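Please look over the sequence and the model below before reading on.

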Amino acid sequence: GRVLRNDGLFGSGSGRSDAEEIAEAAVLAAQRDPQEAKAPLMGKLLGRLQFEPRVSAAYAHLLIREAEELTYRQICCLALFNLNVRDSYSLPDEPVMDSSDPLDPRIGLLQELLDLCRRTMLQQRASDHPGTDLVTYAPGLRPARLELVGLGGWLWELMDLSHTIAPARLEDIAALLRGDKR
């Protein structure tokens with residue numbers, strides 16, 4: 001099994017420990033969020049932080065705050081854009097939208113993906129040279145080139161997104177990005 005971290009997070013002196021503050025932050029975040037599907041993911045995050053000494057108390061608070069600010073669909077997108085998963089969904093390698101239809105159902109999803117890029121949880125890989133394409137507007141996103149980075153990778157690992165998000169949910173998002181008629 002896993003070994004409980006022993007780096008002082010649980011405290012050794014008087015007063016509240018960092019672990020107690022982190023637990024309170026995670027519980028309050030889950031309690032305030034109207035998206036019930038996020039509650040078990042916040043629980044996973046809290047539970048796994050107890051065993052991950054590479055994450056400082058300050059970084060744990062950052063991860064909890066960022067997770068709280070994401071929508072459930074954005075968290076599902078973190079699961080979708082893991083490199084081991086993304087390629088199995090035949091995502092488009094071209095910009096998703098060419099239309100300016102304000103009722104296009106992909107607009108909200110593209111805005112959520114752009115937000116994940118701005119939060120340094122996703123990046124768009126350039127196809128012809130190392131590095132990334134800077135994406136500043138949602139229609140410029142190329143789903144086949146998006147990949148998990150930074151905070152997104154930590155949330156993917158600590159929320160155990162490879163096991164907690166149903167493949168059918170990922171397929172729904174991929175179908176929307178592909179423009180499949182459902």
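Is Arg169 buried, partly exposed or exposed? Arg169 has a relative accessibility of 26% and therefore counts as partly exposed, where buried means under 20% relative accessible area, exposed over 50% and partly exposed in between, with a 1.4 Å probe and protein chains only.

The model is a predicted one, in which local features need pLDDT of at least 70 and side-chain atom pairs count only at pLDDT 80 or more, while totals for chains, interfaces and linings use all residues. Residues are numbered from 1 along each chain as its sequence is written, and side-chain values use heavy atoms, with hydrogens and water left out.

**Overall organisation**

The protein chain contains nine helices and three strands; these are DSSP runs numbered from the N terminus, helices being H or I with at least four residues and strands E with at least two. Along the sequence the pattern reads α-α-α-α-α-α-β-β-β-α-α-α. Along the principal axes, the C-alpha atoms occupy a box of roughly 60 × 40 × 30 Å. Of the 182 residues in the protein chain, 43% are buried. Among contacts (heavy atoms within 4.5 Å) with a separation of 6 or more, 74% join residues 24 or more positions apart.

**Helix pairs**

The table gives two helix pairs, with axes fitted to C-alpha atoms over the stretch in contact and angles running from 0 to 180 degrees between N-to-C directions.

| Pair | Axes come within | Crossing angle |
|---|---|---|
| α2 and α3 | 11 Å | roughly 170° |
| α4 and α9 | 10 Å | roughly 90° |

The crossing angle makes α2 roughly antiparallel to α3, a term for angles over 145 degrees. Their contact involves Met42, Leu45 and Leu49 of α2 with Ala60, Leu63, Ile64 and Ala67 of α3. By contrast, α4 and α9 are roughly perpendicular to each other, a term for angles of 65 to 115 degrees. Among the residues in that contact are Tyr72, Arg73 and Cys76 of α4 and Arg169 of α9. Arg169 touches Tyr72, Arg73 and Cys76, when residues up to four places away in sequence are not counted. Although Arg169 and Arg73 are 96 residues apart in sequence, their C-alpha atoms are 8.8 Å apart in space.

Helix α3 comprises 13 residues, 57–69, and should span 18 Å at 1.5 Å a residue, the expected span being 1.5 Å times one less than the number of residues. Its end C-alpha atoms are 19 Å apart, which agrees. The buried residues of α3 are Ala57, Ala60, Leu63, Ile64, Glu66 and Ala67, and they pack against α1, α2, α4 and α7. Glu66 has a relative accessible area of 8% and is therefore buried. Not counting residues up to four places away in sequence, Glu66 touches Arg119, Met121 and Leu151. The side chains of Glu66 and Arg65 are joined by a polar contact of 3.3 Å.

In soluble globular proteins, nonpolar side chains tend to be buried together. The largest nonpolar core here has 54 residues, and those with the most contacts inside it are Leu45, Phe81, Leu113, Leu155, Met159 and Leu177. Helix α4 provides the largest share of this core, seven residues. Leaving aside neighbours within four places in sequence, the contacts of Phe81 include Leu113, Pro143, Glu147 and Leu177.

Definitions and conventions:
A nonpolar core is a set of buried Ala, Val, Leu, Ile, Met, Phe, Trp, Tyr and Cys residues joined through side-chain atoms within 4.5 Å. A polar contact is a pair of N or O atoms within 3.5 Å; within protein, one must be able to donate a hydrogen and the other to accept it, and residues adjacent in sequence count only if both atoms are side-chain atoms. Angles under 35 degrees count as roughly parallel, over 145 as roughly antiparallel, 65 to 115 as roughly perpendicular and the rest as oblique.
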